[in-house]
Amino acid sequence: MGIGYWAAVLTGLACAAGAGGLPTSEAAANSPPYLLGGDWVRVFSDEFDGSALDRSKWTTCYWWDDGGCTNLANNELQWYQRRNVSVADGNLRLTALPETVIGHEGKTFAYTSGMVTSGRLYAQRAGADRFAARQGYFEIRAKIPRGKGLWPAFWLLPSTQDARPEIDIMEVIGNAPDVLEMHLHYTDEKGQKQSVGSNIRTVDLSADWHVYGLEWRPDAVIWYLDGKEAWRYQNAPGIPNEPMYLLLNLAVGGDWPGAPDDKTVFPAEFLVDYVRVWQRGD
């Protein structure tokens, strides 16, 4: 496409942009990935313009849902509940609350929170994910919370329901909201678990809306923040080559962020304006 086309697209985005000059769901409903050139075809989107979560696109737990779920491997403190997921004012809202609930095998959790995935539950394992893709461009516009012990994330897991590969498009630890974390976890040719990652220091990401993106190609995985490249991984053996589904969650506590302290404000909300996925059209 020519320069005139992209000038028109960017002009339209600027005219209808939200906070920080970034595209809102209404402004960019039919646009290509934010500030990214090329011929792209939209294959998935949710603009969260209704009043309820679209259950044809999302589950509200990991595939091991048992009236709720958590990630025990990370020693997280929340029990994910469907009632902590809502859609209002054009946003997906994942809300963390300090409340005691009984979860897995009678374990007591001190917090509840919300998550969504485009995968499928264990009972649905013979079927297909609600959405999964092999390669493409994955993007959200979101506003994250700040505070010790909070851990918002946007990531991908394989349709096999295995733990690897895992692509962490965006992770932010609540007491360091000016650091964007980006990671890739995979199993190498020898069956050994490998993890690579990077982070960048940036503005306080909790202070405004930002666009988080990832381009997944056969030869590279490229992370973007507000349309600017943040990190690139190009070791071909570590790049996934299988369908992966989407996850968004707001974890509380765990080995990495630690527990909330008395300065952490609740309710805490991870707000998502849109989720969009494209694949190359050329």
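**Figure 1. Polar contact between Gln78 and Glu76 in the predicted model.** In this predicted model, the side chains of Gln78 and Glu76 make a polar contact at 2.7 Å. Gln78 belongs to strand β2, which covers residues 78-80. Because its relative accessibility is 0%, Gln78 counts as buried; the cut-off for this class is under 20%.

**Figure 2. The surroundings of Gln78.** Leaving aside residues up to four places away in sequence, Gln78 touches Cys69, Thr70 and Asn71, as well as Phe109, Tyr111, Thr112 and Ser113. Leu250, Ala251 and Val252 are also touched by Gln78.

**Figure 3. The largest nonpolar core.** Nonpolar side chains tend to be buried together in soluble globular proteins. Here, the largest nonpolar core holds 49 residues. The members that touch the most other members are Phe138, Ile140, Ile167, Leu246, Leu248 and Phe270. A second, separate core has 13 residues, among them Tyr62, Cys69, Trp155 and Ala251.

**Figure 4. Contacts of Ile167.** Ile167 is one of the residues of the largest nonpolar core that touch the most other members, whereas Trp155 is part of the second core.

**Figure 5. The largest pocket and its lining.** The volume of the largest pocket is about 600 Å³. Its lining consists of 26 residues, and those nearest the centre of the pocket are Asn71, Ala73, Asn74, Trp155 and Glu166. Two or more lining residues come from each of the strands β8 (150-158), β9 (166-171), β10 (179-187) and β15 (244-252). Strand β8 gives the most to this lining, with four residues. By class, the lining of the largest pocket comprises 13 nonpolar, six polar and seven charged residues.

**Figure 6. The largest cavity.** Empty space left between atoms can be shown by rolling a probe the size of a water molecule over them. The model has one cavity of 30 Å³ or more, and the largest cavity contains about 40 Å³ of space. Its lining is formed by Thr59, Cys61, Tyr62, Trp63, Thr117, Gly119, Arg120, Tyr245 and Leu247. Five nonpolar, three polar and one charged residues make up this lining.

Notes. Residues are numbered from 1 along each chain as its sequence is written. This is a predicted model: local features need pLDDT of at least 70, side-chain atom pairs count only at pLDDT 80 or more; totals for chains, interfaces and linings use all residues. Side-chain values use heavy atoms; hydrogens and water are left out. A nonpolar core is a set of buried Ala, Val, Leu, Ile, Met, Phe, Trp, Tyr and Cys residues joined through side-chain atoms within 4.5 Å. Buried means under 20% relative accessible area, exposed over 50%, partly exposed in between (1.4 Å probe, protein chains only). On a 1 Å grid over the protein atoms alone, a cavity is a set of points where a 1.4 Å probe fits but cannot get out, and a pocket is an open set with protein on both sides within 12 Å along at least five of seven lines; lining residues have an atom within 4 Å of a point. Grid points are joined across faces, edges and corners, and a volume is the space filled by probe spheres set on the points. Ala, Val, Leu, Ile, Met, Phe, Trp, Tyr, Cys and Pro count as nonpolar, Asp, Glu, Lys and Arg as charged, and the others, Gly among them, as polar. A polar contact is a pair of N or O atoms within 3.5 Å; within protein, one must be able to donate a hydrogen and the other to accept it, and residues adjacent in sequence count only if both atoms are side-chain atoms. Contact means heavy atoms within 4.5 Å.
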